[in-house]
Amino acid sequence: RHGQPDGEHETAFSRFESVLQAMPGETAPKLALAATAELILQHCESSDSHRWRTFAETYYRTVWRTDHSLVSAAFGLARQLTERGDLPGAIAALDQVPPTSRHFTMARMTSVLMLLSGRPIEEIDEVALREAALRVTALAPEESRALQMRTLVLGTALDWMRAGHTSETELEQILGVPFTERGLRTGAEAGLRALARNAPERTHRYTLVDLANAIRPRSLL
């Protein structure tokens, strides 16, 4: 329940452990234990966060290995692995979400965000940029968020290049635009303007246009 006192999370964890002891083969109490341990990490002050993180990761991993239809376990495992710095492991967990799952596309887009977000631009390399681009290219044509993902990749690549990096394969393209500062500016600008045209709110639309204007390539004239 929202607003529970801290102690109630640990009480809930203890009760789920009792259920698991009574029914050791059941998946539901293991998923409940993983989720409760994660809640304790997020909302409670604990002097033993490593213990709770280990519980969360272990139970999410156990559930996911047992049943690939319980996609929430894959996302939970990916969150825990990301928290402890195992980005390849987190992405690998999401890549195991089967294409038949209705959460498959969300898993792929989440992996793009993991590759590009939440860390300094200095820690991103060209391999990560191109891997993110491949994942965006593989999104279904009807996916409404594909344009956002494409613009994110191009914008991040532009930031990466403006931070002083250069592409080892500059003659090759990324998402259909030259991997040069000018090419990335043009591609990101086009994406932002397309997003602005589809934005439902005027303020959001104006913000996107302002961003597009800010990264527009300078005229040679």
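A residue counts as buried under 20% relative accessible area, as exposed over 50%, and as partly exposed in between. Arg119 has 24% relative accessibility, so it counts as partly exposed. The model here is predicted.

**Two residues**

- Arg119 lies in the loop between α6 and α7.
- Setting aside neighbours within four places in sequence, Arg119 is in contact with Leu87, Met114, Ile124 and Ala128.
- Glu57 sits in helix α3, which covers residues 49-66.
- Is Glu57 buried or exposed? Glu57 counts as buried because its relative accessibility is 11%, and the cut-off for buried is under 20%.
- Again leaving out neighbours within four places in sequence, Glu57 touches Leu77, Gln80, Leu81 and Arg84.

**Helix α2**

- Helix α2 runs over residues 28-43 and has 16 residues.
- From first C-alpha to last, α2 reaches 22 Å. That is close to the 22 Å expected at 1.5 Å a residue.
- Which residues of α2 are buried? They are Pro29, Lys30, Leu31, Ala32, Leu33, Ala34, Thr36, Ala37, Glu38 and Ile40.

**How helices pack**

- Two packed helices are described by the angle between their axes and the distance between the axes.

**Helices α6 and α7**

- Helix α6 (residues 104-116) packs with helix α7 (residues 126-137) at an angle of about 165 degrees. Their axes are 9 Å apart.
- Angles over 145 degrees count as roughly antiparallel, so α6 is roughly antiparallel to α7.
- The crossing of α6 and α7 is left-handed.
- On the α6 side, the contact is made by Arg108, Ser111, Val112, Leu115 and Leu116. On the α7 side, it is made by Ala128, Leu129, Glu131, Ala132, Arg135 and Val136.
- The residues of this α6 and α7 contact divide into seven nonpolar, one polar and three charged.

**Helices α8 and α9**

- The axes of helix α8 (residues 146-162) and helix α9 (residues 181-198) come within 9 Å. They cross at roughly 145 degrees.
- α8 and α9 make a left-handed crossing.
- α8 contributes Leu147, Gln148, Thr151, Leu154, Gly155, Ala157, Leu158, Met161 and Arg162 to the contact.
- These meet Glu181, Leu184, Arg185, Gly187, Ala188, Gly191, Leu192, Ala194 and Leu195 in α9.
- How many residues of the α8 and α9 contact are nonpolar, polar and charged? There are 10 nonpolar, five polar and three charged.

Conventions:
Residues numbered from 1 in each chain as written. Predicted model: local features only at pLDDT ≥ 70, side-chain atom pairs only at ≥ 80, totals over all residues. Heavy atoms only, no water. Helix = DSSP H or I, 4+ residues; strand = E, 2+ residues; numbered from the N terminus. Buried < 20%, exposed > 50% of the residue type's maximum accessible area, 1.4 Å probe, protein only. Contact = heavy atoms within 4.5 Å. Expected span 1.5 Å × (residues − 1). Axes fitted to C-alpha atoms, helices over the stretch in contact; angles between N-to-C directions. Left-handed = near helix turned anticlockwise from the far one by under 90°. Nonpolar A, V, L, I, M, F, W, Y, C, P; charged D, E, K, R; others polar. Parallel < 35°, antiparallel > 145°, perpendicular 65-115°, else oblique.
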